[in-house]
Amino acid sequence: MDYPDNLKIAVMIPCWNEEQTLGSVIEAFRQELPTARIIVFDNNSSDRSVEIAQEHKAEIFHEPRQGKGFVIETMFNTIDADVFVMADGDDTYPAENVHQLIEPVLKQRCDMAVGARLANHTDNSFRDLHVFGNRLVRFCINKIMGADLKDIMSGYRVFNRQIVGTLPVISSGFEIETEMTIQTLYYQRKIIEIDVPYRARPEGSESKLNTFRDGFRVLWKIFSLYRSLKPLTCFGGIGGGLLVISLLVGFLPVRDYFVNPDHYVEHVPSAILAAGLMMLSFLFSFTGLLLHVINHRFRELHNVIIRMRK
Ligand SMILES: Nc1nc2c(ncn2[C@@H]2O[C@H](COP(=O)(O)OP(=O)(O)OP(=O)(O)O)[C@@H](O)[C@H]2O)c(=O)[nH]1
Ligand SMILES: [Mg+2]
């Protein structure tokens, strides 16, 4: 595929001990995008990754803070390009599909194109638990953000300049892809998914993903972003639940009041509990409302800052 001569494309490869596959990933992208900058973001690799990147004439950036999220933060902060391609160094994503991802970004049909893996993967490239985790994350995010995405955690993405300049990314580890997806949806930027085949890591190459630790971090990230970005639904939902419980608990004391001729309330403990729950319910709902208003003002500010940078 031909791109305009002055188009700056950067291929960014996060890398932590990928000596086995890094060379072929660099060469594959160089073959597809001969004019692009190919940049390896090394993160304290203890194997030959850095030498291999040098041998294959890739640019190398070193990130001392360990974690894929830190690496992506540094990528976004330091690299200047019109089109940003991000792909893993483990040779699991096919470089030949990169044009399908670049095309919608260049044609301004989306801000972020994601290589969606779930539709087309070889049997051993996904451990069963990972498939379950991916489905759970996808379900939560689609529900919370009202989206219809297939693969939230793919590491194969193409971004335009604008989204790279505006996305807040503060995750340190593997929850970074989840964060990028949620933030893109929150700021109402467009994501397009393109099905790409996904292959297994070759024999001997080790995954850096820890199923339980990273799975928990991803779920915690979803919860904390839900709390911060959708406070009215989150705190309002808890407040609504507490209100229903308080009404149920308070039913008998209220009935006592109306049924007993002297208005004597026999269910005193229930009355106290119901009153407490109702106050708590108002507290949660009010907190949600307050944070919602603050968020609204921040979004206005975000919008104006983006316009001022043009
Ligand atoms: N720079 C840097 N890169 C990392 C770090 N952790 C993982 N990576 C890179 O991020 C990419 C994805 O890591 P993987 O271990 O393949 O994670 P995954 O693709 O989600 O998991 P698998 O399905 O098991 O391959 C690879 O290129 C890794 O080298 C890190 O702490 N720092
Ligand atoms: Mg991988």
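Domain 1 and domain 2 bury about 930 Å² between them, and 54% of that is on carbon and sulfur atoms; buried area here is the accessible area, with a 1.4 Å probe, that two parts lose on being put together, summed over both. This is a predicted model, in which local features need pLDDT of at least 70 and side-chain atom pairs count only at pLDDT 80 or more, while totals for chains, interfaces and linings use all residues. Residues are numbered from 1 along each chain as its sequence is written, and side-chain values use heavy atoms, without hydrogens and water.

Between the two domains there are 0 salt bridges (a side-chain nitrogen of Lys or Arg within 4 Å of a carboxyl oxygen of Asp or Glu). There are 4 residue pairs in polar contact, both residues at pLDDT 80 or more (N or O atoms within 3.5 Å, one able to donate a hydrogen and the other to accept it; residues adjacent in sequence count only if both atoms are side-chain atoms).

On the domain 1 side, α6 (161-166) and α8 (211-229) each supply at least two residues. α8 gives the most, with 4 residues. Helices are DSSP runs of H or I, at least four residues, and strands are runs of E, at least two.

Now the domains themselves. The assignment, automatic or from a database, gives domain 1 as 9-229 and domain 2 as 231-309. Their contact takes 10 residues from domain 1 and 9 residues from domain 2, with contact meaning heavy atoms within 4.5 Å. Their C-alpha centres lie 40 Å apart.

Overall, the protein has 10 helices and 7 strands. The C-alpha trace spans about 90 × 45 × 35 Å along its principal axes.

Note on methods:
Chains are lettered from A and ligands numbered from 1 in the order in which they are written.
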